[in-house]
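Morning, everyone. I have one model to walk through, and I'll keep it short. Please have a look at it first.

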Amino acid sequence: MTILDVRSLSRRFGGLQALSEVTFSVNQGEIVGVIGPNGAGKTTLFSTLVGLIRPDAGTVTLDGKDLAGLKPHTVASLGMTKTFQNVALFAESSVLDNVLTAGLLRHGVDAARSEALNCLDRVGLRAVAHKQAGNLSFPERARVELARALCTAPKVLLLDEVMAALNPAEMAGIMRLIRSLRDDGVTLLVVEHHMRAIMNVCDRILVLNFGRLLADGTPGQVASDPKVIEAYLGRSVEAAHR
Amino acid sequence: MKRCLALAAAIAAVALLALLLDPRGYWIRVLTFTLLFAAMAQAWNIVGGLANQTSLGHAAFFGIGAYTSTVLLLKFGISPWLGMLAGGALGGLAALVIAIPTMRLQGHYFALATLAFGEVMRVIANVWTSLTGGPGGLSVPFVPPSLAGYSFKLLRPHAYIALAALVAVTAVFEIIRRGAMGYRLRAIKQNPAAAEVIGVDTTRVKLQAAVISGALIAMLGTLYAQVAVFFDPDTVFGIASISIRIALIAIIGGVGTAAGPILGAFFIIPLEEVMNDLLSSRAAGLSQLVFGVILISVILWQPRGFITVFGALRARLSRAGVP
């Protein structure tokens with residue numbers, strides 16, 4: 001069953017075509033990786049999906065509902081949210097308050113608090129619930145982001161580089177979490193630079209380059225796609241001489 | 001529990017102070033205005049503290065409240081208590097109207113836009129002579145003393161009403177701060193984009209805060225009019241006399257905390273009076289100069305307000321093992 005359907009999504013910033021006619025759809029319960037060189041439009045795609053950026057053209061449909069013109073908080077209440085690549089916590093608030101605020105989308109304060117503690121349990125941060133968020137290490141802050149997004153009870157969760165700066169053990173923990181979320185019925189789109197992690201955890205991979213969708217397939221198909229290899233490594237020497 | 005006891009003790013102390021002071025005297029007047037300005041700064045604190053939008057235009061709503069109840073009393077003989085409700089509604093409406101265009105502005109730009117709005121209201125009040133009496137001001141008409149008519153022979157009931165208003169506005173502030181709206185406002189203040197993405201309707205929450213703050217301060221305008229008995233546009237819509245003074249009270253005391261505006265008012269309002277009393281006969285402007293120097297010293301000493309002194313004191317006491 002298709003939960004997220006994206007048709008011909010385009011967005012231009014001045015002279016830069018950040019997204020160009022991007023079309024794909026995601027089934028419920030899928031884990032979809034989004035990869036591409038720096039500046040390929042991955043973060044712009046996520047921001048456009050949740051309504052932070054208005055597309056110039058194209059449509060986004062979430063669970064059968066057209067998201068055109070909706071603000072991010074409405075998109076969140078319909079069930080789609082994202083984490084921020086450079087971590088956008090409420091730095092002066094406690095870790096618990098950061099996550100609790102997201103829980104208020106569906107609960108009153110008391111229920112949101114217990115929901116927030118559950119989410120912190122899931123990312124393994126319950127022990128630091130009462131610390132100020134700004135005082136945590138970068139990998140911990142990324143996990144608070146994840147817990148906060150989880151606390152909105154999303155149907156579709158967009159993770160923007162939550163594994164950056166993690167050590168292999170922490171990364172394995174996040175991958176386990178991603179799989180367990182999928183088992184709970186959450187659909188995930190994951191932007192990640194760490195290739196082994198993304199090839200390992202994703203059912204399907206979208207490759208973006210210069211704002212265009214370059215490839216859409218299983219990790220195996222994508223890894224052997226000559227267009228993808230070219231985008232990442234440049235054209236081969238023989239090809240350039242030919 | 002301990003906090004509730006401390007609060008009850010503080011209220012009782014102020015009530016007792018009001019009883020002890022000469023009911024026709026000067027100091028009960030100072031006390032009344034101190035309580036009133038504490039309540040005003042607390043209402044400002046909802047926007048200025050929780051949403052972190054430093055408004056310098058709250059005199060606009062305050063003046064609307066003062067004029068609404070007084071004009072209704074003068075022209076139609078309506079009790080100031082009802083006038084206060086009408087003023088609150090108009091003040092809330094004005095806050096909504098000004099918040100819609102200014103809400104996206106941040107920092108200095110928001111401060112300047114609100115400052116301008118306050119000035120526009122002052123000019124309108126000066127020009128619309130048929131309604132406001134213009135620059136000549138309005139006198140609150142004398143009615144036989146009664147609680148229902150909000151008219152008293154002595155100042156003591158005014159002090160009690162101001163105390164009740166301070167308690168009520170502080171309660172509203174605390175309910176907002178601890179509730180869902182407080183969490184949302186803190187989120188918006190720190191990262192509006194992240195707040196939106198996790199489901200906070202940032203526009204709606206900001207408008208709610210602005211309307212509550214504006215309505216409360218307009219209602220306090222009625223209290224002011226009833227105590228002052230006479231006022232003109234330059235007083236109730238004044239930048240220095242109202243807008244900046246209430247922001248200053250909250251900032252000196254500690255922005256965003258319930259105790260901040262109360263500490264600030266009990267410091268600033270009596271200090272101003274004492275300075276005027278002691279120094280205004282010595283040299284022109286000397287009292288203002290000394291007052292300014294004291295304020296600057298306080299802010300340099302405690303940039304986050306008096307509240308930090310109390311926080312540090314409490315931490316030291318609890319380390320020393322005092323319960």
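Let's start with one residue, B:T32. Leaving out residues up to four places away in sequence, B:T32 touches B:L155, B:H158, B:A159, B:A162 and B:V227. Touching here means contact: two C-beta atoms, placed from the backbone, within 7 Å. B:T32 is found in helix 2 of chain B. Helices are DSSP runs of H or I with at least four residues, strands are runs of E with at least two, and both are numbered from the N terminus. B:T32 is buried, with 26 other C-beta atoms within 10 Å. The cut-offs: buried is 20 or more other C-beta atoms within 10 Å of the residue's own, exposed is 12 or fewer, partly exposed is in between, and C-beta atoms are placed from the backbone. B:V211 is 179 residues from B:T32 in sequence, and the two are 25 Å apart in space, C-alpha to C-alpha.

Some housekeeping. This is a predicted model: local features need pLDDT of at least 70, side-chain atom pairs count only at pLDDT 80 or more, and totals for chains, interfaces and linings use all residues. Residues are numbered from 1 along each chain as its sequence is written, while chains are lettered from A and ligands numbered from 1 in the order in which they are written.

Now the core. A nonpolar core is a set of buried Ala, Val, Leu, Ile, Met, Phe, Trp, Tyr and Cys residues joined through C-beta atoms within 7 Å. The largest one has 165 residues, and those with the most contacts inside it are A:V99, B:A39, B:M40 and B:L220. Which helix gives the most to this core? Helix 2 of chain B, residues 26–50, with 15 residues. Take B:A39: not counting residues up to four places away in sequence, B:A39 touches B:A162, B:A165, B:L166, B:V169 and B:L220.

On to chain A. Chain A has 10 helices and 10 strands. Its radius of gyration, taken over C-alpha atoms, is 18 Å. The globule rule is 2.2 Å times the number of residues to the power 0.38. For 242 residues that rule gives 18 Å, so chain A is as compact as a globular protein of that length. Buried residues make up 45% of chain A.

Next, the interface. Chain B gives 16 residues to the contact, and chain A gives 26 residues. On the chain B side, helix 8 (180–190) and helix 9 (192–197) are the elements that give two or more residues. Helix 8 gives the most, with six residues.

How do the helices pack? Helix 3 of chain A, residues 95–103, meets helix 8 of chain B at an angle of about 110°, with the axes 10 Å apart. Axes are lines fitted to C-alpha atoms, for helices over the stretch in contact, and angles run from 0 to 180 degrees between N-to-C directions. The two helices are therefore roughly perpendicular; that label covers 65 to 115 degrees. A:D97, A:L100 and A:T101 meet B:Y183, B:R184 and B:A187 there.

Last, two backbone points. Phi of A:E161 is near 55°, positive in a residue other than glycine. A:E161 sits in the loop between strand 7 and helix 6 of chain A. B:Y150 also is not a glycine, and its phi is positive at about 50°. Is B:Y150 buried or exposed? Buried, with 24 other C-beta atoms within 10 Å.

Conventions:
Parallel < 35°, antiparallel > 145°, perpendicular 65-115°, else oblique.
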